[in-house]
Amino acid sequence: MSDINDSNYVSDDKSADISKVILSEVNEAAVCCVSTLAGDHIKNRMMHFAVTPDFRFYLTSMKDDPKTKQLALCPRISILAHIAGGGFTEAKEMEVAGRGEIIEDENGRRKAIGLLMDRSPVVAQMAQYGKLGLLSFIEVVPQSIKFRRVKDILQGIKPTIIDFGRTTSAIGDDMARLRRKIGAWVAETRYPFLMVTAIPVVLGASVAWMRQGIFKPLYFILTLAGAACLHLGANIINDYFDHKSGNDEANTQFVRPFSGGSRVIQNGLLTPLEVLAGAAAFFALGSAIGIFLTYKIGWPILILGIIGVVSGVFYTAPVLSWAKRGIGESLVGVNFGVLVAL
């Protein structure tokens, strides 16, 4: 451990002693402010904590809590512990920048429970009622620590900074983050509902084959892909405009498969701009396929495509907002029941 940024020098022979002092000071704090990155916003929460002699911090939260989902996608975390002391000049604080990991193995969970049992009322209560399985435990691996006292600052003394360096595991986290990002996009698309698109496409192809004896695999695949892209675009842009209107944020009690959206924006897994860009990409791809089919087959395809795009975009988008006007579900029925099959 060494210092950085011209702060108080922490030599190797003194680092152990200074660490003990800092640990004894920070353990006086009952809670700390924990900051995580939720898309393009910073989310803060006061949390109970425990810290080990090597400055590993342990936190806990309910499973599937937005905080744990944010850490799963972006492990960067900041902790600020404030110690009031005997007055303003005696106040101290420690700022930790590092990476948080959800503890998955049982030995790690037992260690976290043991450390937090006497410091976190939540853990103590859950243990009393046998509900520890409802909790997620978080280990924070520090990259740098900044410790300062108000009286030192008033005297012009710089804070003490301990630099742990950037670990190999932190650098190698990029692929894991990429996988989690892909997972967030999969959740955003709500792909299981694509069955609603596939059924009328197959029905239309079946009718054409039975009545006219015509089946062209390329056109079938393109129709299926184009309709699916428009459907995915509608799903995604619906989330975007429900976020902009505050609908999904207000819906905290009735989040169901058919209500409340994918929650990726609310949980900080994707930013609103990313969601809007994703919707535009799917609409563009679906429209490109539709224009190709129009060129090959005829103008009726263009009319059907325009109706589909306008229905999908303005289901929740202003100024039309079909859903708010009470005709949203009728449009869904017309699109998936008649137009796609045509």
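Is F220 buried, exposed or partly exposed? I looked this up first: F220 is partly exposed, at 22% relative accessibility (buried is under 20% relative accessible area, exposed over 50%, partly exposed in between, with a 1.4 Å probe and protein chains only).

A note on the source: this is a predicted model, where local features need pLDDT of at least 70 and side-chain atom pairs count only at pLDDT 80 or more, while totals for chains, interfaces and linings use all residues. Residues are numbered from 1 along each chain as its sequence is written, and side-chain values use heavy atoms, leaving out hydrogens and water.

Next I checked confidence, as pLDDT (the predictor's confidence in each residue, from 0 to 100). The chain has a mean of 85, and 89% of its residues reach 70 or more. Over residues 1–13 I found pLDDT below 50, yet this stretch has 30 contacts beyond near neighbours in sequence (heavy atoms within 4.5 Å). Where pLDDT is low, the predicted coordinates should not be read in detail.

Then I went through the aromatic pairs (ring centres of Phe, Tyr and Trp, the last by its six-membered ring, within 6.5 Å; planes under 30 degrees apart are stacked, over 60 edge-to-face, the rest tilted). I got four of them. One is F215 with F220, tilted, at 5.5 Å centre to centre and 50 degrees between the planes. F215 is partly exposed too, with a relative accessible area of 43%. For Y240 and F241 I read 5.0 Å between centres and planes at 80 degrees, so this pair is edge-to-face. Both Y240 and F241 are buried.
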